[in-house]
Amino acid sequence: MLRYALKRLLSLILSLAVASLVIFFVIEVAPGDPASFMLGINAQPDTVAALRAELGLDVSKTQRYLNWVGGMLTGDFGTSYTYRTSITEMIGQRLWVSLPLALYALTLSTLIAFPAGIYAAARRGKPGDMAVMGATQLGIAVPNFWFAMMLVLIFAINLRWFGAGGFVGWDKGLWAGLHSLTLPAISLALPQGAILARVMRSSLLDILGEDFMRTARAKGLSRRQALWRHGVRNALIPVLTIMGLQFSFLLAGAIIIEQVFFLPGLGRLVFQAISSRDLIVVESVVMLLVFAVILVNFLVDLAYAAVDPRLRART
Amino acid sequence: MSLLDVTNLSLSIHRAHILRDVTFSVAAGEIVAVTGESGSGKSLTAMAVMRLLPDLARLSGSVHLDGAELTDRTEPQMCAIRGRDIGMVFQEPMTALNPVKSIGDQVAETILIHKAMPRDKALERAREVLDRVGLPEDRFPLSRFPHELSGGQRQRVVIAMAIALRPKLLIADEPTTALDVTTQAQILDLLKSLVADYGMGLLMITHDLAVVADMADRIVVMRHGEVVETGATKQLLADMKHPYTRMLFEASGHTVTLPDAPAETPLLQVQNVVRDYRLPRTRLLAPPEHFRAVDNVSFTLNRGERLGLVGESGCGKSTLTRAILGLEQVQGGQILLDGKPVFSGHHADRAVRRKMQVVFQDPFGSFNPRHRVDRLVTEPFHLLDDPPRGQARRDAIAEALTAVGLKPDDARKYIHEFSGGQRQRIAIARALIIRPDLILFDEAVSALDVSVRAQILDLLADLCRSYDLTWLFISHDLSVVRTITDRVLVMKSGEIVEQGETESVFTNPQHPYTKSLIAAAPVLPDLGQLKRSLDHA
Amino acid sequence: MNRNLILGAFLSSIFVLAALVSFVWTPFDYTALNIPAKLQTPNSTHWLGTDHFGRDMFSMIMVGARTSIAVALVAVGIGIALGVPLGLTAAARSGTLLDEVIMRGNDLVFAFPALVIAILITAVFGAGAVNAIIAIGIFNIPVFARITRGGALSLWEREFILAARVAGKSSARISAEHILPNVTNLLIVQGTIQFSLGILAEAGLSYVGLGAQPPTPSWGRMLADAQTMVSIAPHLALVPGLAIVLTVLGLNLMGDGLRDVLDPRLRVART
């Protein structure tokens with residue numbers, strides 16, 4: 001188990017190293033010098049040069065890469081070109097919106113998906129299954145930002161149960177904070193939950209066809225008992241994979257939903273930074289998001305081992 | 001009245017009639033074998049007794065267990081009977097156990113699900129039954145997981161689950177078909193001793209008449225969902241009434257006569273061949289370890305000779321086959337065909353390779369489903385520098401198909417239009433079409449029903465006469481190797497432990513492994529002897 | 001015949017047809033402003049109403065279908081053209097360093113937040129349909145590579161591939177002759193799914209202003225324009241939203257139906 005974990009950890013570090021190189025390279029080839037962009041077309045060359053020095057753009061590319069990576073390892077993401085403030089602080093504030101939102105949405109989607117998927121699998125081919133499958137088919141087809149607009153129209157504008165956008169901040173209390181994240185979380189959770197429910201169902205159906213399910217039935221387990229005792233845990237492996245992917249999507253892919261609800265999250269930060277050519281912010285936030293994805297995949301790998309004894313034994 | 005009475009049992013699924021008026025019985029302490037070829041409905045008979053059938057199945061007739069009718073029980077009532085009154089063992093031990101639960105939990109589950117005893121007692125009982133089936137505590141604690149056990153050991157766990165509550169009836173559906181002969185013999189002995197100890201009835205489903213003759217008190221022969229003949233084993237075999245039973249018996253022990261092998265001129269020379277596989281690293285920085293699948297193997301196959309290669313699964317015979325075919329590079333020694341190395345440099349030599357062909361086991365996996373037969377059988381033409389085209393190609397296809405007993409018209413058909421036996425004929429046609437010097441048969445008849453197998457063996461003997469074939473016949477089935485080869489090699493753990501004239505190896509084996517292999521293989525009884533012993537009694 | 005397939009093909013073909021017809025005919029000129037006729041709800045002249053500039057919604061939806069379908073289709077094409085050869089190569093060289101490099105490269109692309117990279121690409125190289133296609137297409141490559149490799153790997157174990165190797169065929173030739181035709185079903189099904197995902201992605205990108213630029217109509221931008229007016233004219237948001245939902249739904253149903261029809265296991269059961 002320890003060896004398995006170490007091996008996964010090594011592959012995590014390797015992926016991070018390659019990812020950082022790729023990100024750095026992509027941003028470096030981006031046309032436009034941030035200093036001249038910030039100062040405008042009419043800037044004097046010496047002013048631009050001074051700003052370049054201040055931003056740390058005047059050293060060699062290798063040196064800049066090393067500075068960037070070294071800074072991140074010590075928790076210093078550098079200074080924003082446009083806002084001239086510490087990126088670490090900016091990310092810190094935004095993370096307090098994005099992370100709870102992602103967790104909220106993931107919880108909702110899991111709460112929808114698990115019961116729906118298991119229910120549908122247990123009633124394969126019957127009306128209950130078809131209803132769930134129809135609903136999930138629709139859930140996947142709905143663009144989440146459009147769904148968000150519809151939610152705002154109904155629950156914020158007409159019913160006035162929720163605000164139409166913005167985030168009140170956690171200092172107003174946990175409940176108020178969650179309340180203002182509810183509509184965004186629902187709009188994010190719907191398509192994700194629909195996908196997850198389908199994965200749960202098909203994975204369970206695969207397991208139901210396995211020989212050991214027949215063995216379980218021959219022991220005297222009813223269909224339902226066999227499904228719960230032998231099916232669900234075996235079906236979890238593909239479901240965990242999808243949940244890992246979804247978490248990272250929810251963290252980063254909320255960008256459009258943050259736009260719809262005017263939420264000050266990470267996605268919006270990237271979006272603003274890209275439009276204002278604040279490439280150091282883009283670089284750092286993208287790296288952070290990639291780190292989150294790779295970390296979640298690592299955790300999912302560990303979760304596999306917890307579920308499946310065959311992986312624990314393998315090295 | 002017997003323990004199990006099945007009377008006029010009929011089953012249809014989707015309006016297809018699977019079983020018709022099946023009638024037989026099993027008494028307590030008795031072993032009854034249901035036998036027949038694929039499609040006979042023998043497995044579904046077992047599933048019908050258990051009522052583990054597809055949703056659309058329609059069942060009629062009656063099944064009495066200990067005098068009580070089972071067919072009108074509700075599903076919850078059947079759940080209470082399964083596992084408690086009837087235990088069941090399946091064919092595939094590798095997949096019959098839940099991979100994520102320990103063997104102790106899985107055995108105890110049978111007890112807990114029927115609320116027969118509290119958890120600690122159930123685990124104690126699980127321990128006892130595992131001991132009883134030959135899995136002692138010091139090597140097989142309850143916390144073991146299925147993936148840590150071999151196929152035979154897993155089958156023992158499945159048996160332990162089935163007998164944990166001492167059911168009155170045990171159903172075993174091809175319990176040893178997926179196992180090696182030595183393991184098969186052990187599992188069959190275990191089942192026999194359990195029946196004797198517990199006084200259970202055993203309903204055994206098997207296609208193997210030799211196993212049946214050895215084990216069963218009574219036999220039920222089935223074909224196309226109907227019982228064709230039933231009776232006490234010895235009497236039934238001594239006096240087979242139904243032609244199908246006679247055909248089955250004849251086909252099971254089918255022998256062919258091969259023409260004499262010509263003078264010895266070496267064709268295939270395997271010299272000190274070693275094949276290593278790299279194992280996945282166990283430690284990050286340690287040098288990779290190797291598994292030696294073929295260890296210093298040497299033998300010579302003469303032109304016109306039919307050589308057999310026998311051994312159990314994992315002995316290295318498939319690896320050796322691949323090395324001979326030039327599909328994999330060897331780590332030591334060399335393989336010469338007609339004096340030239342199969343492998344030169346890092347690639348197989350085309351000019352050498354065109355002198356040999358192969359026929360594989362699986363009649364369903366051996367062909368690209370998207371190509372027509374003419375394209376399938378001409379694939380080896382790729383090896384020729386100047387393959388026949390146009391009329392010459394059509395003639396070659398027609399000749400090859402005719403040689404294996406098919407029609408030239410079959411060339412335009414797709415592979416799914418053929419039965420398993422016909423597919424194997426097409427595989428042989430594909431091997432023959434470039435007139436190779438050597439043909440390798442890799443378990444080529446192992447997946448076939450006995451009657452089809454007998455036909456293919458006849459075909460091989462015929463082809464031997466008309467084509468002067470030389471072959472290497474790789475198989476785990478001793479009775480087939482015995483009739484279809486002149487000489488035999490016995491392989492164990494990557495080494496050839498014994499070789500010699502087939503008949504003398506079988507009648508007078510020298511190596512202890514060969515002896516155990518031959519002793520473990522079930523054989524059909526000699527009918528003359530059987531009749532004489534019945535007359536005496 | 002499969003119900004999903006029929007319904008799905010019907011829904012998808014409506015929009016494909018609308019897109020094709022829009023090249024030669026639309027009820028109104030989709031660029032023509034007509035302020036006096038603005039914000040009409042659906043009526044007999046303007047079947048789906050008009051927007052805040054008085055443009056005919058029906059015509060805009062038709063031309064928007066063109067944009068969506070073109071972007072998604074080309075993006076799938078990119079994914080197949082690059083992903084399938086990569087997957088075939090990885091499977092043919094399975095277990096080697098090359099396989100490892102290809103698959104790790106795939107994982108790496110998956111690790112990047114797709115939408116953020118798409119936004120980055122369009123922002124760095126300029127907003128527009130072509131860059132949207134590239135951005136969506138890049139993320140299709142690993143999807144096709146992975147599914148091709150998965151299908152191919154199990155085929156390489158089959159005996160008919162061994163037979164082809166015994167016949168002396170090279171792995172490139174075997175990949176083309178035996179592997180590719182047998183993974184086509186997988187690719188068709190996955191292609192339909194990626195097509196529908198492409199339509200969703202294109203809508204998202206043009207919603208944030210990074211897709212096709214005005215005056216080319218696109219469903220996503222129609223939704224963005226509608227956002228501020230959603231309380232006074234809900235049909236502005238409903239119409240393009242439903243267009244997206246129905247197209248994606250149609251494609252997904254078609255994918256499911258195709259999977260059922262093409263699945264060799266089911267077909268064997270039927271013959």
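Which helix of chain B lies across β18 and β19 of chain B? I looked this up before anything else. Helix α14 (residues 420-432) of chain B does, and α14 runs at about 175 degrees to β18(B). Helices (H or I, at least four residues) and strands (E, at least two) are DSSP runs, numbered from the N terminus. Axes are lines fitted to C-alpha atoms, for helices over the stretch in contact, with angles from 0 to 180 degrees between N-to-C directions.

Ground rules. The model is predicted: local features need pLDDT of at least 70, side-chain atom pairs count only at pLDDT 80 or more, and totals for chains, interfaces and linings use all residues. Residues are numbered from 1 along each chain as its sequence is written, while chains are lettered from A and ligands numbered from 1 in the order in which they are written.

Entry on the sheet. I traced an open sheet of 6 strands in chain B, in the order β18-β19-β20-β13-β21-β22, with mixed pairing. β18 (356-359) and β22 (495-501) of chain B each have a single partner strand, so one side of each is left without a neighbour in the sheet. On average, neighbouring strands of this sheet are turned by 15 degrees against each other, direction ignored. Two strands pair if DSSP finds at least two bridges between them.

Entry on β13(B). I followed strand β13 (residues 306-310) of chain B, which pairs with β21 (residues 487-492) of chain B in the parallel sense over 4 bridges. Leu307(B) has Arg487(B) as its bridge partner in β21(B). With β20 (residues 471-475) of chain B, β13(B) pairs in the parallel sense over 5 bridges, and Leu309(B) stands opposite Ile474(B) there. Is β13(B) enclosed or open? I found 5 of its 5 residues buried, so β13(B) is largely enclosed by the rest of the structure. Buried means 20 or more other C-beta atoms within 10 Å of the residue's own, exposed means 12 or fewer, and partly exposed is in between. Arg306(B), Gly308(B) and Val310(B) are on one side, Leu307(B) and Leu309(B) on the other.

Entry on a loop. I located Thr257(B) in the loop between α9 (243-252) and β11 (266-278) of chain B. Thr257(B) counts as exposed because it has 8 C-beta neighbours inside 10 Å. From Thr257(B) to Ala461(B) is 204 residues in sequence and 6.8 Å in space, C-alpha to C-alpha.

Entry on the core. A nonpolar core is a set of buried Ala, Val, Leu, Ile, Met, Phe, Trp, Tyr and Cys residues joined through C-beta atoms within 7 Å. The largest has 336 residues, and Val270(A) and Leu440(B) touch the most other members. Helix α2 (residues 57-92) of chain C gives the most to this core, with 18 residues. Leaving out residues up to four places away in sequence, I listed the residues that Val270(A) touches, among them Ile255(A), Val282(A) and Val116(C).

Entry on chains C and A. I found 29 residues of chain C in contact with 31 residues of chain A. α9(C) gives the most to the side of chain C that touches chain A, with 8 residues.

Notes:
Two residues are in contact if their C-beta atoms, placed from the backbone, lie within 7 Å.
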